[in-house]
Amino acid sequence: MAELFVDYLRRRLPLVEAALADAAARPLTQGAPADDLTSYLYAPVARFTASGGKRVRPVLALLGSEAVGGRAEDALSCAVAVELFQSAALIHDDIADEGELRRGEPCLHRVEGTGLAINAGDLALAQVFEVVLADEGLSPERKVRALSEIVAMERHTLEGQALDLGWVRDRRWDLSTEDYLYMVRSKTAWYSAAVPLYVGALVGGGSERAARGLLELGLTAGVAFQLQDDLLNLVGDAAAQGKDFRSDVTEGKRTLAVVWALEHLGDDGRAELIALLDAGVSDAPRLERAVELIELGGGIDRCRALARELADDARERADALLEAGLVSAEARDLLASMADFFVERAG
(Lines give C-alpha, C1' and ligand atoms only; values in the text may rest on other atoms or scores of the structure.)
Protein backbone atom coordinates (compact mmCIF):
# COMPACT_ATOMS: atom_id res chain seq x y z
CA MET A 1 0.00 0.00 0.00
CA ALA A 2 3.03 2.30 0.07
CA GLU A 3 2.17 3.48 -3.45
CA LEU A 4 -0.78 5.50 -2.14
CA PHE A 5 1.48 7.66 0.02
CA VAL A 6 4.10 7.91 -2.73
CA ASP A 7 1.42 9.32 -5.04
CA TYR A 8 0.35 11.78 -2.34
CA LEU A 9 3.96 12.91 -1.99
CA ARG A 10 4.19 13.46 -5.72
CA ARG A 11 0.98 15.48 -5.84
CA ARG A 12 1.80 17.70 -2.86
CA LEU A 13 5.47 18.25 -3.71
CA PRO A 14 4.86 21.26 -6.02
CA LEU A 15 3.05 23.09 -3.19
CA VAL A 16 5.96 22.55 -0.84
CA GLU A 17 8.62 23.49 -3.39
CA ALA A 18 6.81 26.71 -4.30
CA ALA A 19 6.40 27.64 -0.63
CA LEU A 20 10.08 26.96 0.07
CA ALA A 21 11.08 29.14 -2.87
CA ASP A 22 8.83 31.96 -1.63
CA ALA A 23 10.35 31.69 1.85
CA ALA A 24 13.94 32.08 0.66
CA ALA A 25 15.62 34.67 2.88
CA ARG A 26 17.22 37.85 1.58
CA PRO A 27 19.30 40.67 3.12
CA LEU A 28 17.26 42.63 5.66
CA THR A 29 18.20 46.17 4.63
CA GLN A 30 18.87 48.10 1.47
CA GLY A 31 22.42 49.26 1.02
CA ALA A 32 23.81 46.06 2.52
CA PRO A 33 26.65 44.28 0.69
CA ALA A 34 24.07 42.03 -0.94
CA ASP A 35 26.48 40.01 -3.07
CA ASP A 36 28.60 39.06 -0.07
CA LEU A 37 25.60 38.27 2.11
CA THR A 38 24.18 36.11 -0.64
CA SER A 39 27.47 34.29 -1.13
CA TYR A 40 28.26 33.79 2.56
CA LEU A 41 24.79 33.20 4.01
CA TYR A 42 21.66 33.13 1.91
CA ALA A 43 22.82 31.10 -1.09
CA PRO A 44 24.33 28.26 0.99
CA VAL A 45 21.08 27.84 2.95
CA ALA A 46 19.02 27.98 -0.23
CA ARG A 47 21.23 25.41 -1.98
CA PHE A 48 21.19 23.06 0.99
CA THR A 49 17.43 23.27 1.43
CA ALA A 50 16.85 22.85 -2.32
CA SER A 51 18.61 19.47 -2.16
CA GLY A 52 16.14 18.14 0.40
CA GLY A 53 14.97 15.01 -1.38
CA LYS A 54 11.44 13.66 -1.09
CA ARG A 55 10.16 16.36 1.34
CA VAL A 56 8.42 13.75 3.47
CA ARG A 57 8.39 15.91 6.61
CA PRO A 58 6.76 19.04 5.15
CA VAL A 59 4.27 16.93 3.20
CA LEU A 60 3.24 15.27 6.46
CA ALA A 61 2.23 18.69 7.78
CA LEU A 62 -0.09 19.04 4.80
CA LEU A 63 -1.44 15.55 5.40
CA GLY A 64 -2.09 16.40 9.05
CA SER A 65 -4.24 19.34 8.01
CA GLU A 66 -6.14 17.44 5.34
CA ALA A 67 -6.65 14.46 7.64
CA VAL A 68 -8.80 16.59 9.97
CA GLY A 69 -10.74 18.37 7.21
CA GLY A 70 -8.45 21.35 6.65
CA ARG A 71 -6.72 22.41 3.46
CA ALA A 72 -3.15 21.57 2.55
CA GLU A 73 -2.52 25.29 2.09
CA ASP A 74 -3.46 25.93 5.73
CA ALA A 75 -0.31 24.12 6.84
CA LEU A 76 2.20 25.39 4.27
CA SER A 77 4.04 27.76 6.59
CA CYS A 78 4.38 25.02 9.19
CA ALA A 79 5.55 22.64 6.45
CA VAL A 80 8.25 25.12 5.41
CA ALA A 81 9.22 25.63 9.06
CA VAL A 82 9.71 21.90 9.55
CA GLU A 83 11.86 21.64 6.43
CA LEU A 84 13.99 24.60 7.49
CA PHE A 85 14.50 23.00 10.89
CA GLN A 86 15.58 19.86 9.05
CA SER A 87 18.15 21.91 7.14
CA ALA A 88 19.50 23.47 10.32
CA ALA A 89 19.62 20.15 12.15
CA LEU A 90 21.49 18.39 9.35
CA ILE A 91 23.98 21.22 8.81
CA HIS A 92 24.82 21.27 12.52
CA ASP A 93 24.73 17.46 12.79
CA ASP A 94 27.27 17.10 10.00
CA ILE A 95 29.60 19.49 11.79
CA ALA A 96 29.21 17.63 15.10
CA ASP A 97 29.84 14.27 13.39
CA GLU A 98 32.71 15.66 11.30
CA GLY A 99 30.81 14.30 8.31
CA GLU A 100 32.11 14.27 4.77
CA LEU A 101 29.03 13.75 2.59
CA ARG A 102 25.38 14.68 2.75
CA ARG A 103 22.98 13.48 0.04
CA GLY A 104 25.96 12.42 -2.06
CA GLU A 105 27.59 15.86 -1.99
CA PRO A 106 30.26 17.35 0.30
CA CYS A 107 28.79 18.57 3.58
CA LEU A 108 28.19 22.29 3.82
CA HIS A 109 31.00 22.84 6.31
CA ARG A 110 33.40 21.11 3.91
CA VAL A 111 32.45 23.59 1.18
CA GLU A 112 31.92 26.82 3.12
CA GLY A 113 34.00 26.26 6.25
CA THR A 114 32.75 25.47 9.73
CA GLY A 115 32.05 29.03 10.83
CA LEU A 116 29.89 29.94 7.84
CA ALA A 117 28.12 26.58 7.98
CA ILE A 118 27.19 27.11 11.64
CA ASN A 119 25.90 30.56 10.74
CA ALA A 120 23.89 29.15 7.84
CA GLY A 121 22.28 26.59 10.14
CA ASP A 122 21.42 29.37 12.57
CA LEU A 123 19.74 31.31 9.78
CA ALA A 124 17.57 28.30 8.95
CA LEU A 125 16.56 28.12 12.63
CA ALA A 126 15.60 31.80 12.61
CA GLN A 127 13.52 31.27 9.49
CA VAL A 128 11.52 28.55 11.26
CA PHE A 129 9.88 31.30 13.28
CA GLU A 130 9.81 33.93 10.55
CA VAL A 131 7.78 31.88 8.09
CA VAL A 132 5.06 31.00 10.61
CA LEU A 133 4.86 34.53 12.02
CA ALA A 134 4.54 35.93 8.49
CA ASP A 135 1.64 33.62 7.55
CA GLU A 136 -1.33 35.96 7.16
CA GLY A 137 -3.67 32.99 6.77
CA LEU A 138 -3.18 31.85 10.36
CA SER A 139 -4.82 33.49 13.35
CA PRO A 140 -2.50 34.77 16.09
CA GLU A 141 -3.71 31.94 18.34
CA ARG A 142 -2.83 29.25 15.82
CA LYS A 143 0.56 30.81 15.14
CA VAL A 144 1.42 30.76 18.83
CA ARG A 145 0.19 27.19 19.24
CA ALA A 146 2.08 25.95 16.19
CA LEU A 147 5.30 27.65 17.22
CA SER A 148 5.04 26.37 20.79
CA GLU A 149 4.82 22.81 19.48
CA ILE A 150 7.69 23.40 17.04
CA VAL A 151 9.84 24.73 19.90
CA ALA A 152 9.03 21.61 21.93
CA MET A 153 9.98 19.52 18.87
CA GLU A 154 13.34 21.29 18.73
CA ARG A 155 13.96 20.54 22.41
CA HIS A 156 13.18 16.85 21.91
CA THR A 157 15.59 16.76 18.98
CA LEU A 158 18.33 18.43 20.99
CA GLU A 159 17.88 15.95 23.83
CA GLY A 160 18.22 13.04 21.43
CA GLN A 161 21.23 14.61 19.77
CA ALA A 162 22.89 15.15 23.15
CA LEU A 163 22.55 11.45 23.95
CA ASP A 164 23.76 10.40 20.50
CA LEU A 165 26.84 12.64 20.62
CA GLY A 166 27.57 12.06 24.29
CA TRP A 167 27.55 8.29 23.97
CA VAL A 168 30.07 8.52 21.13
CA ARG A 169 32.28 11.03 22.97
CA ASP A 170 32.38 8.91 26.12
CA ARG A 171 32.79 5.67 24.12
CA ARG A 172 29.70 4.23 25.76
CA TRP A 173 28.83 0.69 24.71
CA ASP A 174 26.84 -0.25 27.82
CA LEU A 175 23.58 0.83 26.22
CA SER A 176 20.30 -1.08 26.16
CA THR A 177 17.69 -1.34 23.45
CA GLU A 178 15.48 0.90 25.60
CA ASP A 179 18.24 3.54 25.72
CA TYR A 180 18.48 3.53 21.94
CA LEU A 181 14.72 3.76 21.44
CA TYR A 182 14.47 6.71 23.82
CA MET A 183 17.27 8.49 21.97
CA VAL A 184 15.90 7.92 18.49
CA ARG A 185 12.34 8.78 19.50
CA SER A 186 13.66 12.12 20.76
CA LYS A 187 16.16 12.84 18.01
CA THR A 188 14.21 11.66 15.00
CA ALA A 189 10.57 10.68 15.54
CA TRP A 190 9.34 14.00 16.91
CA TYR A 191 10.49 16.07 13.95
CA SER A 192 10.37 13.44 11.23
CA ALA A 193 6.72 12.51 11.62
CA ALA A 194 4.97 13.30 14.90
CA VAL A 195 5.10 17.09 15.03
CA PRO A 196 4.57 17.67 11.29
CA LEU A 197 1.32 15.69 11.54
CA TYR A 198 0.42 17.33 14.84
CA VAL A 199 0.92 20.98 13.88
CA GLY A 200 -0.72 20.32 10.52
CA ALA A 201 -3.81 19.09 12.33
CA LEU A 202 -3.76 22.03 14.75
CA VAL A 203 -3.57 24.73 12.07
CA GLY A 204 -6.04 22.76 9.93
CA GLY A 205 -8.69 23.15 12.61
CA GLY A 206 -8.65 19.64 14.02
CA SER A 207 -9.68 18.79 17.55
CA GLU A 208 -7.06 18.27 20.23
CA ARG A 209 -8.03 14.61 20.36
CA ALA A 210 -7.49 14.14 16.63
CA ALA A 211 -4.20 16.06 16.68
CA ARG A 212 -2.91 14.05 19.64
CA GLY A 213 -3.87 10.83 17.89
CA LEU A 214 -1.81 11.86 14.88
CA LEU A 215 1.07 12.82 17.15
CA GLU A 216 1.15 9.38 18.78
CA LEU A 217 0.87 7.67 15.40
CA GLY A 218 3.75 9.80 14.14
CA LEU A 219 5.97 8.93 17.09
CA THR A 220 5.53 5.24 16.38
CA ALA A 221 6.00 5.59 12.64
CA GLY A 222 8.93 7.98 13.11
CA VAL A 223 10.96 5.38 14.98
CA ALA A 224 10.20 2.87 12.22
CA PHE A 225 11.44 5.46 9.70
CA GLN A 226 14.80 5.73 11.48
CA LEU A 227 15.16 1.97 11.84
CA GLN A 228 14.77 1.64 8.08
CA ASP A 229 17.40 4.35 7.59
CA ASP A 230 19.76 2.39 9.83
CA LEU A 231 19.13 -0.79 7.86
CA LEU A 232 19.69 0.88 4.51
CA ASN A 233 23.01 2.27 5.72
CA LEU A 234 24.20 -1.21 6.66
CA VAL A 235 22.64 -3.56 4.10
CA GLY A 236 21.01 -1.31 1.49
CA ASP A 237 22.05 -0.48 -2.06
CA ALA A 238 25.74 0.38 -1.91
CA ALA A 239 25.76 1.88 -5.41
CA ALA A 240 22.84 4.18 -4.66
CA GLN A 241 24.36 5.43 -1.40
CA GLY A 242 27.91 5.82 -2.69
CA LYS A 243 30.38 6.93 -0.02
CA ASP A 244 27.56 7.28 2.53
CA PHE A 245 27.14 3.49 2.56
CA ARG A 246 28.02 2.04 5.97
CA SER A 247 29.07 5.46 7.25
CA ASP A 248 27.24 4.59 10.49
CA VAL A 249 29.96 2.01 11.14
CA THR A 250 32.73 4.50 10.38
CA GLU A 251 31.15 7.05 12.73
CA GLY A 252 30.56 4.44 15.45
CA LYS A 253 26.82 5.11 15.56
CA ARG A 254 24.85 3.49 18.36
CA THR A 255 22.06 2.11 16.16
CA LEU A 256 19.53 -0.48 17.28
CA ALA A 257 21.27 -3.08 15.13
CA VAL A 258 24.57 -2.40 16.90
CA VAL A 259 23.13 -2.19 20.41
CA TRP A 260 21.15 -5.41 19.93
CA ALA A 261 24.17 -7.24 18.51
CA LEU A 262 26.36 -6.15 21.40
CA GLU A 263 23.75 -7.46 23.82
CA HIS A 264 23.69 -10.87 22.11
CA LEU A 265 27.22 -11.54 20.83
CA GLY A 266 29.69 -13.59 22.86
CA ASP A 267 32.59 -11.86 24.56
CA ASP A 268 35.00 -12.25 21.63
CA GLY A 269 32.53 -11.07 19.02
CA ARG A 270 31.45 -8.14 21.18
CA ALA A 271 35.05 -7.05 21.73
CA GLU A 272 35.83 -7.29 18.01
CA LEU A 273 32.77 -5.29 16.99
CA ILE A 274 33.48 -2.56 19.55
CA ALA A 275 37.08 -2.35 18.32
CA LEU A 276 35.92 -1.88 14.74
CA LEU A 277 33.36 0.76 15.71
CA ASP A 278 35.83 2.64 17.89
CA ALA A 279 38.49 2.60 15.17
CA GLY A 280 36.36 4.53 12.64
CA VAL A 281 37.09 2.00 9.92
CA SER A 282 36.31 2.97 6.34
CA ASP A 283 37.90 0.23 4.20
CA ALA A 284 35.51 -2.26 2.63
CA PRO A 285 36.85 -5.47 4.25
CA ARG A 286 36.60 -4.17 7.81
CA LEU A 287 33.22 -2.54 7.14
CA GLU A 288 32.02 -5.90 5.82
CA ARG A 289 33.34 -7.64 8.93
CA ALA A 290 31.53 -5.19 11.21
CA VAL A 291 28.25 -5.82 9.41
CA GLU A 292 28.87 -9.56 9.55
CA LEU A 293 29.26 -9.34 13.34
CA ILE A 294 26.10 -7.23 13.63
CA GLU A 295 24.26 -9.90 11.66
CA LEU A 296 25.71 -12.69 13.81
CA GLY A 297 24.42 -10.86 16.88
CA GLY A 298 20.93 -10.71 15.38
CA GLY A 299 21.00 -6.93 15.00
CA ILE A 300 19.86 -6.78 11.39
CA ASP A 301 16.95 -9.17 11.90
CA ARG A 302 15.82 -7.41 15.09
CA CYS A 303 15.98 -4.00 13.46
CA ARG A 304 13.93 -5.19 10.49
CA ALA A 305 11.36 -6.96 12.67
CA LEU A 306 10.86 -4.01 15.03
CA ALA A 307 10.49 -1.58 12.13
CA ARG A 308 7.67 -3.74 10.77
CA GLU A 309 6.07 -4.06 14.22
CA LEU A 310 6.05 -0.30 14.65
CA ALA A 311 4.67 0.28 11.17
CA ASP A 312 1.86 -2.16 11.91
CA ASP A 313 1.17 -0.35 15.18
CA ALA A 314 0.92 2.93 13.26
CA ARG A 315 -1.54 1.32 10.84
CA GLU A 316 -3.67 0.19 13.79
CA ARG A 317 -3.62 3.72 15.19
CA ALA A 318 -4.86 5.02 11.83
CA ASP A 319 -7.74 2.53 11.98
CA ALA A 320 -8.59 3.68 15.50
CA LEU A 321 -8.68 7.32 14.41
CA LEU A 322 -11.12 6.41 11.66
CA GLU A 323 -13.31 4.36 13.99
CA ALA A 324 -13.47 7.30 16.40
CA GLY A 325 -14.58 9.60 13.59
CA LEU A 326 -11.47 11.76 13.92
CA VAL A 327 -10.14 11.32 10.38
CA SER A 328 -11.66 10.40 7.04
CA ALA A 329 -11.32 7.01 5.37
CA GLU A 330 -9.06 8.60 2.76
CA ALA A 331 -6.82 10.00 5.49
CA ARG A 332 -6.72 6.62 7.24
CA ASP A 333 -5.59 4.96 4.02
CA LEU A 334 -2.88 7.58 3.47
CA LEU A 335 -1.61 7.25 7.04
CA ALA A 336 -1.47 3.47 6.75
CA SER A 337 0.32 3.79 3.42
CA MET A 338 2.77 6.23 4.99
CA ALA A 339 3.67 3.64 7.63
CA ASP A 340 4.31 1.05 4.93
CA PHE A 341 6.39 3.50 2.93
CA PHE A 342 8.57 4.23 5.95
CA VAL A 343 9.71 0.58 6.20
CA GLU A 344 9.56 -0.47 2.56
CA ARG A 345 11.47 2.41 0.93
CA ALA A 346 14.85 1.67 -0.59
CA GLY A 347 16.27 5.15 -0.05
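Reader: To begin, which side chain meets R289 in a salt bridge?
Author: The partner of R289 is E292, at 2.2 Å from N to O. A salt bridge here is a side-chain nitrogen of Lys or Arg within 4 Å of a carboxyl oxygen of Asp or Glu. Please note that this is a predicted model, in which local features need pLDDT of at least 70, side-chain atom pairs count only at pLDDT 80 or more, and totals for chains, interfaces and linings use all residues. Residues are numbered from 1 along each chain as its sequence is written, and side-chain values use heavy atoms, with hydrogens and water left out.

Reader: Where do R289 and E292 lie?
Author: Both are in helix α14 (residues 284–296), three residues apart, about one turn of the helix. Helices are DSSP runs of H or I with at least four residues, numbered from the N terminus.

Reader: How many salt bridges does the structure hold?
Author: There are 34 salt bridges. One of them pairs R55 with E17, with the closest N and O atoms 3.1 Å apart. R55 is in the loop between α2 (34–50) and α3 (56–67), while E17 belongs to helix α1 (residues 2–22), so this pair ties together parts that are 38 residues apart in sequence.

Reader: Is R55 buried or exposed?
Author: R55 is buried, because its relative accessible area is 2%; buried means under 20%, exposed over 50% and partly exposed in between, using a 1.4 Å probe and protein chains only. E17, at 31%, counts as partly exposed.

Reader: What about R171: which residue does R171 form a salt bridge with?
Author: R171 pairs with D278, and again the closest N and O atoms are 3.1 Å apart. Since R171 sits in the loop between α7 (140–169) and α8 (177–203) and D278 in helix α13 (residues 267–279), the pair ties together parts that are 107 residues apart in sequence. R171 is exposed at 55% relative accessibility, whereas D278 is partly exposed at 31%.

Reader: A change of topic: what lines the second largest pocket?
Author: The lining residues include A19, D22, E73, L76, Q127 and E130. The elements giving two or more residues to this lining are α1, α4 (76–97) and α6 (114–133). On a 1 Å grid over the protein atoms alone, a pocket is an open set of points where a 1.4 Å probe fits, with protein on both sides within 12 Å along at least five of seven lines, and lining residues have an atom within 4 Å of a point.

Reader: How much space lies in the second largest pocket?
Author: About 260 Å³. This volume is the space filled by probe spheres set on the points, which are joined across faces, edges and corners.

Reader: And the core: which members of the largest nonpolar core touch the most others?
Author: Of its 115 residues, they are F5, L60, L227, L273 and F342. The largest share of this core, 15 residues, comes from α8. A nonpolar core is a set of buried Ala, Val, Leu, Ile, Met, Phe, Trp, Tyr and Cys residues joined through side-chain atoms within 4.5 Å.

Reader: Lastly, what does Q226 touch?
Author: Not counting residues up to four places away in sequence, Q226 touches Y180, V184 and T188; contact means heavy atoms within 4.5 Å. Q226 is in helix α9 (residues 208–235), and Q226 is buried at 16% relative accessible area.
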